[in-house]
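This briefing covers one predicted model and is meant to be read beside the sequence and the coordinates.

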Amino acid sequence: MSTGPAGQAFRRGLRAGTPFAIAGFLLSVSFGVVAQDAGLSALAAIVMSLIVFAGSAQFAAIAIVGQGGTVGAAIGAAALMNSRFLPMGAAFGPSLPGGPLKRAAQGQAVVDASWALAARGDGSFDRWLLFGASAAQYVTWQAGTIAGALGGDLLGDPEALGLDAIYPAFFLALLLGEAHSRRAVVVALLGAAIALALVPVAPAGVPVLAASLAALVGLTGSAQAAVLEAQEAEGAPR
Amino acid sequence: MSPSVVLVAGCALVTALLKAAGPIALGGREIPLWVTSVIVLLAPALLAALVFTQAFADGSELAVGAETAGVVAGGLVAWRSGSIVACVIVAAALTAALRAL
C-alpha cells in the first residue's frame, strides 16, 4: 500500500485532510470542554470522540443532556443529525468494492470533509483519498478532545473564545470548494432555504436531512447532461 | 449502566448504522445517470444546510449573532485565500471580539 495507487491516494488524502484536521482539532477542544459542562466525565467525552467521531452529532447529544433532556432524546438527536450519512453513504456506496460487510466497514470512514474531498464530481469517489483524509481528522479529533477534556479549565468559556463559530465556518469553506457551477450554487441556496424554513418547526437534524431534497435538481435534463460531460472528461465513466 | 455509558454507546451505535446503510444498499454496482446527477448535487445541498442552520439559528429559533458575522468573515477569507485554517481562525477571532465588546 505504500507505493501503489492506493497508497498514493491515501497520502493525497492525508495532505488534503490536514487543514480540516487542524480546524477539527480546535473544534474538538471545545467539544471536550462543553461535554464536561454538560455533565460528562472527561473519560466519557474522550471515549465518545473515539467511537462516535461525528462532530455535529456529538455536540447535539451533549447539548440535549446539558439542557436536562433524557439520554434517549440525546441519542435521537444524534441519529437525526447523522441522518445525512444516509444520502452521503448512498452516494459513496457504488464506489466501494467487496461484500456488504466490507462495504459497511469502509462506510464508517465517511465524515463530511473527507466525503466532499473524495467526490470526483462525476458521481464517483476516490475511496483511498477519503480514508486518508479521515485518518488525519481522526487523529486530531482525539487529540483535541483529550486536550479540552483534561485542560479545559485552563481555557475558559468556549463561547467567549468564539469556538462555536468554527464549525459553521469549517462547512462554509467546504461548500465554497464544492460550488463550482451555477447549478451547484442554486442547489446550495435551495438547500439552505429548505433547512432554514424547517428550523422553527422540525427537531434538530431534520432541516439538514430535508435539505438533501434540493439535490433533486439533478433530475433535470441539463444537470444530467453536465454529469455525462464530466464523466466523459474523466475518461473512465462508471 | 450509567447514563453516560448508554449515551456514548447509543450515539456510537446509531452513527455506525447510519454510515453502514448506504454502502450496504448500494455497493459496487453501476448506477443510472439520473441517480449520479442527484448524488453530485447532494454535497452543496447538505453543506449549505449545515452552514446556514448553524450560522442563522439558535436552537429552534432563527437568530443572527456574533457567530453569524464571524462565519461570514471566515467565508470571505476562505474564498479569497483558499485556506480553511485561516477561515476558522478569523471566524472564531471575530466572534470572540464581537462578544467581548
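What covers the buried residues of H4(A)? The cover includes helix H3 (55–66) and helix H11 (206–211) of chain A, together with H1 of chain B.

**Chain A overall**
- Chain A has 12 helices and zero strands.
- Its pattern along the sequence is α-α-α-α-α-α-α-α-α-α-α-α.
- The radius of gyration of chain A is 19 Å, close to the 18 Å from the globule rule for 238 residues, so chain A is as compact as a globular protein of that length.
- The C-alpha trace of chain A spans about 55 × 50 × 35 Å along its principal axes.
- Buried residues make up 58% of the 238 residues of chain A.
- Among contacts in chain A with a separation of 6 or more, 68% are between residues 24 or more positions apart.

**Contact between chains A and B**
- Chain A gives 92 residues to the contact, and chain B gives 70 residues.
- On the side of chain A that touches chain B, the largest share comes from helix H9 (residues 166–178) of chain A, with 12 residues.
- That side of chain A consists of 71 nonpolar, 15 polar and six charged residues.

**Helix H4 of chain A against H1(B)**
- Eight of the 11 residues of H4(A) are buried, so this helix is largely enclosed by the rest of the structure.
- The buried residues are A:Ala74, A:Ile75, A:Gly76, A:Ala77, A:Ala78, A:Ala79, A:Leu80 and A:Met81.
- Helix H4 (residues 71–81) of chain A packs on H1(B) at an angle of about 25°, and the two axes are 9 Å apart.
- Because an angle under 35 degrees counts as roughly parallel, H4(A) and H1(B) are roughly parallel to each other.
- The crossing of H4(A) and H1(B) is right-handed.
- From H4(A), the contact uses A:Val71, A:Ala74, A:Ile75, A:Ala78 and A:Ala79.
- From H1(B), it uses B:Pro3, B:Val6, B:Leu7, B:Gly10, B:Cys11, B:Val14, B:Thr15 and B:Leu18.
- By class, the residues of the contact of H4(A) with H1(B) are 11 nonpolar, two polar and no charged.

**Helix H6 of chain A against H1(B)**
- Helix H6 (residues 100–107) of chain A and helix H1 (residues 3–25) of chain B have axes 8 Å apart and pack at an angle of about 135°.
- H6(A) and H1(B) are therefore oblique to each other.
- H6(A) passes H1(B) in a right-handed crossing.
- A:Pro100, A:Arg103, A:Ala104, A:Gln106 and A:Gly107 of H6(A) meet B:Lys19, B:Ala20, B:Gly22, B:Pro23 and B:Ile24 of H1(B).
- Five of the residues of this contact are nonpolar, three are polar and two are charged.

**Residue A:Met88**
- A:Met88 belongs to helix H5 (residues 85–92) of chain A.
- Is A:Met88 buried or exposed? With 27 other C-beta atoms within 10 Å, A:Met88 is buried, because 20 or more is the cut-off.
- Apart from neighbours within four places in sequence, A:Met88 is in contact with A:Val110, A:Trp115, B:Gly22 and B:Leu42.
- A:Met88 and A:Gln8 lie 80 residues apart in sequence and 24 Å apart in space, C-alpha to C-alpha.

Technical notes: Residues are numbered from 1 along each chain as its sequence is written. Chains are lettered from A and ligands numbered from 1 in the order in which they are written. This is a predicted model: local features need pLDDT of at least 70, side-chain atom pairs count only at pLDDT 80 or more; totals for chains, interfaces and linings use all residues. Helices (H or I, at least four residues) and strands (E, at least two) are DSSP runs, numbered from the N terminus. The radius of gyration is taken over C-alpha atoms; the globule rule is 2.2 Å times the number of residues to the power 0.38. A residue is buried if 20 or more other C-beta atoms lie within 10 Å of its own, exposed if 12 or fewer, and partly exposed in between; C-beta atoms are placed from the backbone. Two residues are in contact if their C-beta atoms, placed from the backbone, lie within 7 Å. Axes are lines fitted to C-alpha atoms, for helices over the stretch in contact, and angles run from 0 to 180 degrees between N-to-C directions. Angles under 35 degrees count as roughly parallel, over 145 as roughly antiparallel, 65 to 115 as roughly perpendicular and the rest as oblique. A crossing is left-handed if the near helix is turned anticlockwise from the far one by less than a right angle, and right-handed if clockwise. Ala, Val, Leu, Ile, Met, Phe, Trp, Tyr, Cys and Pro count as nonpolar, Asp, Glu, Lys and Arg as charged, and the others, Gly among them, as polar.
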